[in-house]
Amino acid sequence: SDHMENICGYLMKYTNLVTGWQYRYFVLNNDAGLLEYFVNEQSRHLKPRGTLQLAGAVISPSDEDSHTFTVNAASGEQYKLRATDAKERQHWVSRLQICTQHHTEAIGKNNPPLKSRSFSLASQGSANSPGVQRRPSQNAVSFFNVGHHRLPTGKRVPIMQPDHLVDVREMMSQAEGQQRDLIRSIECLPASGHLTSLDQDLLMLKATSMATMNCLNDCFHILQLQHASQQKGSLPAGTTISWLEPKISLANHFKNGAAQNFPAEINKPASVREEQSIAEPCQLTREPEEINPDEELEDICDDKEDDLGAVEEQRSVILHLLSQLKLGMDLTRVVLPTFILEKRSLLEMYADFMSHPDLFIAIANGGSPEERMIRFVEYYLTSFHEGRKGAIAKKPYNPIIGETFHCSWRMPKSNVATDAGTNSSAQSPSEQVTLPKDLEGQAEPDYYTVKFVAEQVSHHPPVSGFYAECVERNMCVNAHVWTKSKFLGMSIGVTMVGEGVLHLLEHGEEYTFSLPCAYARSILTVPWVELGGKVNINCAKTGYSASINFHTKPFYGGKLHRVTGEVKQNMTNTVVCRVQGEWNSVLEFTYSNGETKYVDLTKLSVTRKRVRPLEKQGPFESRRLWQHVTESLRDGDIDKATEHKRALEERQRNEERLRAETETPWCTKYFLKDGDGWVYHKPLWKTVSAAQTQQTDSN
């Protein structure tokens with residue numbers, strides 16, 4: 001092809017968290033199908049620092065920005081690269097894709113596909129019979145017959161016609177049955193002896209067989225889409241066919257040592273059938289619902305999360321999971337074992353970041369821009385202890401698209417610090433603000449109300465939007481977070497991509513902030529969680545900013561959960577406050593006047609949120625949606641919790657598939673897309689602005 005040209009030039013390459021991005025000189029060798037890189041152009045005549053085979057590779061522009069892209073080789077190795085601008089990225093991506101396609105097709109021509117591939121377990125008798133005991137010289141792989149039937153030489157593979165899809169479906173059903181039999185046979189093996197259910201080779205066989213079935217299911221679905229498009233005529237412009245989520249939930253195979261049951265639909269508990277039969281969300285009302293705080297009651301739920309402790313009992317589950325993962329792999333589509341789940345949704349976790357509403361409201365009472373920034377930093381740093389439930393290594397439920405969570409807090413005015421730094425119930429002149437018309441004429445309560453709403457606005461990528469407001473103090477916060485999780489070897493990293501903005505309407509100030517990364521460490525011993533990374537808080541109007549570092553534990557020595565930060569005035573570059581300590585223990589604030597303040601998070605009072613009873617919640621509100629999973633976890637019935645969780649996830653996959661086939665866009669309920677972010681549909685800044693305009697017009 002005329003477009004298959006050898007290109008070269010400098011690109012930035014991401015190395016690791018420590019080194020970060022580095023400039024490297026890259027060369028695309030079209031003849032050999034290689035992407036090579038060197039330290040610089042002068043060292044091009046030397047041996048390359050790295051080489052990727054492009055045959056079978058996937059070249060993907062990143063959705064993080066317009067400059068970044070990734071090269072994922074068939075070997076599993078990945079290069080994360082960044083060009084100087086969008087035009088240069090497109091140039092590299094297009095040339096790499098052309099080269100990749102050429103060499104991938106060449107391999108396909110030289111290596112005809114297999115006609116069929118069958119997997120069958122050798123007849124070895126029952127799990128308890130002597131036939132299953134392996135001789136010391138026998139390895140796990142030889143325990144199975146794996147047959148490969150190649151095509152006769154010179155015989156061409158006929159192109160499959162659409163009406164053959166029925167036969168394919170039948171063959172795949174048989175393969176799925178064989179795969180389930182394989183899993184059962186492995187899990188029925190004894191827990192000790194020469195051949196056990198925890199044999200490393202067998203765990204790998206379980207993982208690879210499941211991955212194979214998942215891939216076949218994805219391919220079959222693509223064939224169905226192509227068949228449907230042929231019947232319609234052609235695919236509409238802009239339509240893309242993408243890989244879907246696994247069709248076989250890993251949760252089916254998490255319990256070792258006993259045969260798993262795969263009951264028919266009629267044998268499922270009524271609650272599971274109910275979870276699967278809830279109507280398509282877009283067919284429900286997607287109109288925003290006004291939640292009356294008076295209907296909310298103080299939360300009596302006290303789901304204390306115990307530490308996972310040593311995971312010796314679940315070691316086979318962890319090994320099973322690890323056998324499917326590669327370093328740097330995105331875990332968004334990986335089904336994690338149920339025993340690591342918290343008894344709350346991610347949306348409720350974001351609400352728990354607001355468990356100190358007195359500190360949140362006190363931000364607006366600061367008498368100066370400096371004091372307001374310091375108060376925001378204090379609130380920000382104290383929010384993670386309750387939001388993360390300390391350092392417990394459990395994860396909340398992944399929200400279903402369209403899932404929502406509502407709650408509120410009532411905080412006595414006497415408990416909120418004023419600008420003098422004392423507690424007072426008297427209303428200061430700054431509190432005399434313009435209220436929305438529907439609140440005028442009502443008796444003023446002796447407490448502040450903070451209302452919260454969160455919604456899962458996207459499934460791929462998983463994006464949550466949340467919004468909180470205190471009307472009496474004319475303040476609100478709007479944020480959107482995309483959780484990106486990656487496998488890092490013996491730990492899992494979660495990056496919180498997104499931005500939040502705190503609006504203090506009374507002062508005309510906006511504070512932008514981000515969230516730190518979270519890491520689940522020591523996942524094979526005693527799991528624990530730490531936060532890491534640098535976050536910034538900025539207020540453009542006042543010129544004050546804060547830089548906060550969450551320090552991960554060094555390899556040798558060092559303290560856990562350490563955090564340091566400083567608040568400064570950008571115009572004069574003057575540091576007005578420094579903070580240090582642990583985000584889940586004690587924080588020390590040192591001010592420019594020499595004063596020091598200590599905050600012990602373990603003794604800080606937590607205000608219980610107020611939520612509506614389950615019977616008053618909608619079907620897609622978090623607690624009602626996940627109630628059966630939560631109840632099963634409380635009872636310690638992991639198998640039942642897994643079944644309920646799988647039913648919800650399967651329903652979501654079916655709905656997503658239906659929307660893709662019918663080209664029906666998803667409709668959000670409370671949040672609207674705004675550029676790269678999401679904004680609450682009725683934010684306080686719009687409500688107050690409209691009220692002020694109406695008041696001006698009436699005057």
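**Rings and their neighbours**

Tutor: Arg 82 sits over the face of Trp 21, 4.0 Å from the ring centre. That label needs NZ of Lys or CZ of Arg within 6 Å of the ring centre and within 35 degrees of the ring normal. This is a predicted model, where local features need pLDDT of at least 70, side-chain atom pairs count only at pLDDT 80 or more, and totals for chains, interfaces and linings use all residues. Residues are numbered from 1 along each chain as its sequence is written, and side-chain values use heavy atoms, leaving out hydrogens and water.

Student: Which residue lies over the face of Trp 482?
Tutor: Lys 484 does, at 4.8 Å from the ring centre.

Student: New topic: how many aromatic pairs are there?
Tutor: The structure holds 21. Rings of Phe, Tyr and Trp (its six-membered ring) pair if their centres lie within 6.5 Å; planes under 30 degrees apart are stacked, over 60 edge-to-face, and the rest tilted. Among them is the stacked pair of Phe 376 and Tyr 379, 6.4 Å centre to centre with 25° between the planes.

Student: Are Phe 376 and Tyr 379 buried or exposed?
Tutor: Both are buried, meaning under 20% relative accessible area (1.4 Å probe, protein chains only), with exposed over 50% and partly exposed in between.

Student: And what about the rings of Tyr 380 and Phe 513?
Tutor: Their centres are 6.1 Å apart and their planes lie at 75°, so that pair is edge-to-face.

Student: How buried are those two?
Tutor: Tyr 380 has a relative accessible area of 3%, and Phe 513 is at 11%, so Phe 513 counts as buried too.
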